[in-house]
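Hi everyone, thanks for making time this morning.

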Amino acid sequence: MKKIYILFLVGLLALSSCAELDVPPPNVVGDETLLTSESGMKIYLARMYSRMPLEDFKYTAQWGFNYNGWLNATGISGTGEALNRDGICRAFTGEDTPYWGQAFTLLRDANYLIETLPEYQGSFADITYNHYLGEAYFARAMVFSAMAKRFGGIPLVTRVINYPSDDMEVPRSSEEETWDQVLADFDMAADLLQPTSPERGLSNKYVALSYKSEAMLYAGSVAKYNETVSGRLTGFGQKTGVRVIGFAEDSWQAASKKYFKEAYLAAQEVINEGPYALYMNKWAANDPDAQYRNMVDMFTDPASMENIFVKEYTYPTSTHGYDAYSAPFIFKAPLASGTCPTLDFLEMYEGFDRYPDGSIRVTNGSTNSQGDYLMYDSPMDFFENAEPRLRAYVIFPGDVFKGKNIEIRGGVYTGAEPIDPFFNDYSFSSAETRYQQLAEYTQEPKSLYLSPREGNGQETLDYNGSEINAAGANGPFFDNGESCLTGLYGRKWLNDDPSFDAGEGRSDQPFILMRYAEVLLNAAEAAVELSLAGEPSPDGSNMLQVATTAINDIRERAGASQLIGNLAADEVSRNLVRKERRKELAFERKTKWDLRRWRVNHYEGRDGFWGETRDADNFSSNSRYRFRGLYPFLSTESGKYFFDARFQWVSLKTFEYNVVDYYFAIPGNEVAKSSVIDQQPNR
């Protein structure tokens, strides 16, 4: 790649066809310009970063890296965080645009810089030259890591392949060799990069270390938990005989320990030497409102000390459309309700009354099909004691967003109180039984009012001298999936400025790709895993104390209770750390990867899906599973509200996940045309 072609015509293409275009040929910039000046290197690095596998607002799990953000939503890939009405709401079993060809384009750019920049070393100060090399190693580590998470062993292209003189065929390496290369490249990047990013948006030493801790946590988990899956989830390529997925029986334990050790050391270096801290700018002890507001502001404050790596946007030149697709229905612009959190997700958080099985209580019986519904003066009373962190992540029915009350109703009940549960059976098998099939809705005298659609389709009734809509302003509307599917809305990432006019391509809030809380969680999980394996501390620290402090610091900021005693070297503590990770990093595109590396997404392992013990049969049946909503209903007799906990019933989503899905299929055309690229052994 001796020349990079830079096109300056993008803006002109949008002009009217009647405009007179006197366009010169594309500029051609050679190495002697790009690789000999800081301005040239900015262009080169901008090209690399534009191709980086960063899962921000422009990424959708179902579609992969197509960099447009259409219908953007978070937490909808079968993780239980949220649901969405569209077909993109499905389990994370593959990407429509496989991260393969794009990966090798960026690898070529990174390898070219590693090989060629030394020719121009004299053009830069040593610290600057080293940083540019570090950026190349960082990019390569990010590519290899992104591919390894998807495919296991990959072709480790660590040099520029010159066509036609070089052999173009590079076979897949083993999964262990792949993760070892990821480790080596992150180490090289951390050694070369400056401690502080020389330009906004570029990497630095601590960014590389943070991503190293994340990658090594993934590698250590796969090495260990592949062993818990039937068949040990390992196999060889038919064309090469290389173990392209999984680890050898005599090496997985040592590999797992090595990777967890590296994850711990990298996280500890960021914690002990980096300039980062948990965001506490508006936090106040014993003040839930301040704690909630602190966590809302954390995701938009550009000066936050928690931010380690951020994708920034600037209106109107660089924007996204998250608000246009995921805001509440009353802010529809042009769509809405793309991210609707589930009741199952809420049940991870503190502050709710529970049934004996741990699920959130909505009746005075021992299950949600027994007793009578509990009554509340307003829907917000139900959430009175919920963690402030949860309120920062989820818009509750009756809460205020952008200065407006978010009115959400499943319907209106006009019968007598006390009120029996609507259904006798709330199990997985009855999920397709819907409210409009109830006698209260179909028979006279009618006592249940629902709304099939918004606008003219609303079912209305008289209440206290006024006409009200059965489902309120936001639904859920029975046959319209573009409303509040679960009775809840996602708040995280939304712009809550009342003056902000949402629309496609109008949002410019940043996406925080890596933050300090995740590094603390990485350290905690690696510490518990090493302790479980009987390993000594790699840096002499008290690992379980480090883990306990990290979790308590995060929980204190969240407004949750502190741990009782220290974490221990047992699975209870491991699961507690996993649960805290699920809670803290929700809607940040992390959970789908965690569920994969823990190997808890398939049916036999699904007891650990939530990071706590739950009966998997409550939400799944073999490979298929579903999630629940929490629906508030108004009772006209008292003017109070009650809640029904039921499987999501508008645009009902059923997910499916099998052991085979822990590794994505290699693109078929790559396998067909190559003599050395193998399809996955289990495909």
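Let's start with Y413, whose bridge partner in β12 is L448. Before I go on, this is a predicted model, in which local features need pLDDT of at least 70 and side-chain atom pairs count only at pLDDT 80 or more, while totals for chains, interfaces and linings use all residues. Residues are numbered from 1 along each chain as its sequence is written, and side-chain values use heavy atoms, with hydrogens and water left out.

Back to our strands, which are DSSP runs of E, at least two residues, numbered from the N terminus. Strand β11 (residues 411–413) runs antiparallel to β12, and two bridges join them; for two strands to pair, DSSP has to find at least two bridges between them. Both belong to an open sheet of four strands with mixed pairing, in the order β12-β11-β19-β20. Because β12 (448–449) and β20 (640–647) are at the edges with a single partner strand each, one side of each has no neighbour in the sheet.

Now to another pair: β6 (residues 307–311) and β16 are antiparallel, over four bridges. There, V310 has I512 in β16 as its bridge partner.

For C340, the nearest cysteine sulfur is that of C484, 4.8 Å away. C340 is buried at 0% relative accessible area, and C484 is buried at 0% too.

Notes
Disulfide = S-S within 2.5 Å. Buried < 20%, exposed > 50% of the residue type's maximum accessible area, 1.4 Å probe, protein only.
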